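Reader: I would like to go through the computed geometry of one chain, with the cut-offs stated. Please show the sequence and structure first.
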Amino acid sequence: MSSKNDSPEQGDTPTKSEQTRALILETAMRLFQERGYDKTTMRAIAQEAGVSVGNAYYYFAGKEHLIQGFYDRIAAEHRAAIRDVLARETELEARLAGVLKVWLDIATPYHEFAVQFFKNAADPDSPLSPFSAESEHARVEAISIHREVLAGATKTKVPEELRDVLPELMWLSQMGLVLYWVFDRTEGRERSYRLAERGARLTARGVSLARFRVLRPLVREVHELFTDFLPGMTNALADPARKKADGADRKATGKGAPAEDERP
């Protein structure tokens, strides 16, 4: 059972169920920060929140689903906090730098907590991985923000064939920033903010160059590299050896290349 995504619409009064869910999530985040992710049990979370263990499991099937709730909450806070940036800035570099730095602002209170559970999230088989099926909702939301960043950059012309590719690559770049931020020990994560600014500058230049037709195949090849080898990006075969074997089987049976809608 996955966590219940029953967040109220903005302006609505939360129901008792929504309040209980939020209480459990807030309690879990506090205990994860105080005791560590591995040492915090669902029983301890329920006890601290003043609910039964069964009730805690009703809203969240386990600790992993509590982290998914955390991902979704960070995504919602980020979406709300970037409105001013996207309304104010029209240059791609400024829009992207603003969005990345706002994420760092929101994530600041959770830095030590992120360090604690990163070893779990780094496991490609873990539901805490940003590439897992369980993380799809937060991943799609984050990619949609980068799509909006591009769409509102009035002076940046994005080729039609790259409008879906570039936001995914921008999100992957953000994941690189997040990884750096986890290990950043500078005062106020100053180096992470500098990385956000310089990364935004480099990305803006790359997107600008993508308008040249000769460079578009390179962009698509980079995207295909990630989608072939990063789980969760597409439905491509996870094991390249299986993919090669599948192609050999097609050749042996005379089926030839897969149809367009069958290609990964």
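Reader: What is the accessible surface of the chain, and what percentage of that surface belongs to carbon and sulfur atoms?
Author: This is a predicted model, where local features need pLDDT of at least 70, side-chain atom pairs count only at pLDDT 80 or more, and totals for chains, interfaces and linings use all residues. Residues are numbered from 1 along each chain as its sequence is written, and side-chain values use heavy atoms, with hydrogens and water left out. Accessible areas come from the Shrake-Rupley method with a 1.4 Å probe, and for residues only the protein chains shown count as cover. The surface of the chain comes to about 15200 Å², and the share of carbon and sulfur atoms is 53%.

Reader: How many helices and how many strands are there in the chain?
Author: Both are DSSP runs numbered from the N terminus: helices are H or I with at least four residues, strands E with at least two. The count is 12 helices and zero strands.

Reader: What percentage of the residues of the chain count as buried?
Author: Buried means under 20% relative accessible area, exposed over 50%, and partly exposed in between (1.4 Å probe, protein chains only). Of the 264 residues, the buried share is 39%.

Reader: Are the axes of helix 1 and helix 4 roughly parallel or roughly perpendicular?
Author: Axes are lines fitted to C-alpha atoms, for helices over the stretch in contact, and angles run from 0 to 180 degrees between N-to-C directions. The axes of helix 1 (residues 16–35) and helix 4 (residues 63–81) come within 10 Å and cross at roughly 100°. Angles of 65 to 115 degrees count as roughly perpendicular. Helix 1 is therefore, relative to helix 4, roughly perpendicular.

Reader: Which residues of helix 4 make the contact with helix 1?
Author: Contact means heavy atoms within 4.5 Å. Helix 1 contributes residues including Arg 21, Ile 24 and Phe 32. From helix 4 come Lys 63, Leu 66, Ile 67, Gly 69, Phe 70 and Arg 73.

Reader: Why is the pair of Phe 131 and Trp 171 classed as it is?
Author: Rings of Phe, Tyr and Trp (its six-membered ring) pair if their centres lie within 6.5 Å; planes under 30 degrees apart count as stacked, over 60 as edge-to-face and the rest as tilted. The centres of Phe 131 and Trp 171 are 5.5 Å apart and their planes lie at 80°, so the class is edge-to-face.

Reader: How far is the charged end of Lys 63 from the centre of the ring of Tyr 37?
Author: A charge sits over a ring if NZ of Lys or CZ of Arg is within 6 Å of the ring centre and within 35 degrees of the ring normal. Lys 63 sits over the ring of Tyr 37, with its charged end at a distance from the centre of 4.4 Å.

Definitions and conventions. Parallel < 35°, antiparallel > 145°, perpendicular 65-115°, else oblique.
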